[in-house]
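Hi there,

Here is the structure I promised to pass on to you. Have a look at it first, and then read my notes below with the model open beside you.

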Amino acid sequence: MNDDSRVIAEDYAYEVGDSNGQEAAASLTPLKPPSIPDYLQDTYWWAYLHPKSFWFFEREWVVNLILWGNMTRLTRAVLDEMEPQPDRNVLQVACVYGDFSNLLATHLGRTGSRLSIVDVAPIQISNIEKKLAAHDNVSIHHQDSTCMSFPDDSYDETVVFFLLHEQPEDARRKTIAEAIRVTRPGGRVIFVDYHGPKRSNPMRYVMKPVLTLLEPFAMDLWREELPAFMPADISPDQLTSSFYFGGLYQKVVLKV
Ligand SMILES: C[S@@+](CC[C@H](N)C(=O)[O-])C[C@H]1O[C@@H](n2cnc3c(N)ncnc32)[C@H](O)[C@@H]1O
């Protein structure tokens, strides 16, 4: 656990699931800090857990290269969804290398809105604190996306940027359900992630072996449309999908 006071230490001090005041508070029980999920340790240690990973990945141009020059476009696709309204609470589920969170915090700060960021890895928490130290509208939370401790309906908008393809199906489904749970009715959840490209897109033949080797769960998002991992009660008219770079990337906006 990081010492910086901007990390909300109480995030995992209580079991939250019912936010209905004192009666519920009396029944709250202590929780442990989240542990590193197996998939993160086994498959992604080199990208997110090893101290040297920051030296390599924490640069906008590297992230942009990994996304074949689409980082600005995909970041813009998220910012464009954020209506410039005052006093909003926005959640970013999981840290992202590069300038994404900086740009999001700046964008929200213009209208007095706030950004909360969740991550499960303490080393990522330390990094994002340093990276966003200049922003006074940001709070960092050490939590697992599959069982967040925020009460229901806490956020106006929730962003899940390139996390789902890194998670096995069970964790992915739980992350999506949690993102929906913590977003208020009428709010939106914005997912940006990989997608199965069109057959005519040559990137299909480049990215398939790369992802199969390095990011084995990502192929799920090629085989299935992202809404297939959403709770059964989500209806198609709540969803708007956009595709980028010949279909290799997608943005799915869910109106809660
Ligand atoms: C959003 S994803 C990938 C983002 C993008 N590929 C990039 O350039 O950074 C990476 C982050 O997800 C975090 N993460 C993975 N599983 C998580 C979970 N269950 N809960 C919260 N954070 C998680 C990792 O610790 C890591 O910081």
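At 43% relative accessibility, D153 counts as partly exposed. You will find D153 in the loop between strand 3 and strand 4. Please keep in mind that this is a predicted model. The backbone angle of D153 deserves a look: its phi is near 60 degrees, a positive value in a residue other than glycine. Most residues other than glycine have a negative phi.

F162 has a positive phi too, near 55 degrees, and F162 is again not a glycine. F162 sits in the loop between strand 4 and helix 8. Is F162 buried or exposed? With a relative accessibility of 11%, F162 counts as buried, because the cut-off for buried is under 20%.

D152 belongs to the loop between strand 3 (138–142) and strand 4 (155–161). Its relative accessible area is 38%, which makes D152 partly exposed. Which residues does D152 contact, once neighbours within four places in sequence are set aside? They are R181 and V182. With R181 there is also a polar contact from side chain to side chain, at 2.8 Å. A further pair to find on screen is D152 and T183: they are 31 residues apart in sequence, yet their C-alpha atoms are 6.9 Å apart in space.

**Around the ligand**

How many residues surround the ligand? There are 21, and the closest are Y39, Y97, D119, D144 and S145.

- In the side chain of D119, an N or O atom is 2.7 Å from an oxygen atom of the ligand.
- In the side chain of Q124, an N or O atom is 3.5 Å from an oxygen atom of the ligand.
- In the side chain of Y48, a polar atom lies 3.3 Å from a nitrogen atom of the ligand.

Taken alone, the ligand exposes 590 Å², and the protein buries 94% of that.

S145, one of the residues closest to the ligand, is placed in the loop between strand 3 and strand 4. S145 is buried, as its relative accessible area is 7%. Not counting residues up to four places away in sequence, S145 touches V93, L163, Q167, K174, T175 and E178. The side chains of S145 and Q167 are joined by a polar contact of 3.3 Å.

At 0% relative accessibility, T175 counts as buried. Which side chain makes a polar contact with the side chain of T175? It is that of Q167, at 2.9 Å. Beyond residues up to four places away in sequence, T175 touches V93, S145, T146, L163, L164 and Q167. For L163, the C-alpha atom is separated from that of T175 by 9.1 Å, and the two residues are 12 apart along the chain.

E178 lies in helix 8, which covers residues 169–181. With a relative accessible area of 11%, E178 is buried. Its contacts, leaving aside neighbours within four places in sequence, are S145, T146, C147 and M148. What does the side chain of E178 reach in M148? It reaches the backbone nitrogen, at 2.6 Å.

**Helix 7 and what covers it**

Helix 7 (residues 122–131) has these buried residues: Q124, I125, N127, I128, E129 and K131.

**A nonpolar patch on the surface**

W68, V206, V210, L213 and L214 make a nonpolar surface patch of about 460 Å². L213 is placed in helix 9, residues 203–214. Is L213 buried or exposed? At 68% relative accessibility, L213 counts as exposed.

Happy exploring, and do write back with any questions!

Best wishes

Conventions:
Residues are numbered from 1 along each chain as its sequence is written. This is a predicted model: local features need pLDDT of at least 70, side-chain atom pairs count only at pLDDT 80 or more; totals for chains, interfaces and linings use all residues. Side-chain values use heavy atoms; hydrogens and water are left out. Helices (H or I, at least four residues) and strands (E, at least two) are DSSP runs, numbered from the N terminus. Buried means under 20% relative accessible area, exposed over 50%, partly exposed in between (1.4 Å probe, protein chains only). A polar contact is a pair of N or O atoms within 3.5 Å; within protein, one must be able to donate a hydrogen and the other to accept it, and residues adjacent in sequence count only if both atoms are side-chain atoms. Contact means heavy atoms within 4.5 Å. Patches are made of residues with over 30% relative accessible area and no salt bridge: like charges are joined within 9 Å, nonpolar side chains (Val, Leu, Ile, Met, Phe, Trp, Tyr) within 5 Å. Accessible areas come from the Shrake-Rupley method with a 1.4 Å probe; for residues, only the protein chains shown count as cover. A salt bridge is a side-chain nitrogen of Lys or Arg within 4 Å of a carboxyl oxygen of Asp or Glu. A residue is near a molecule or strand if one of its heavy atoms lies within 4 Å of it.
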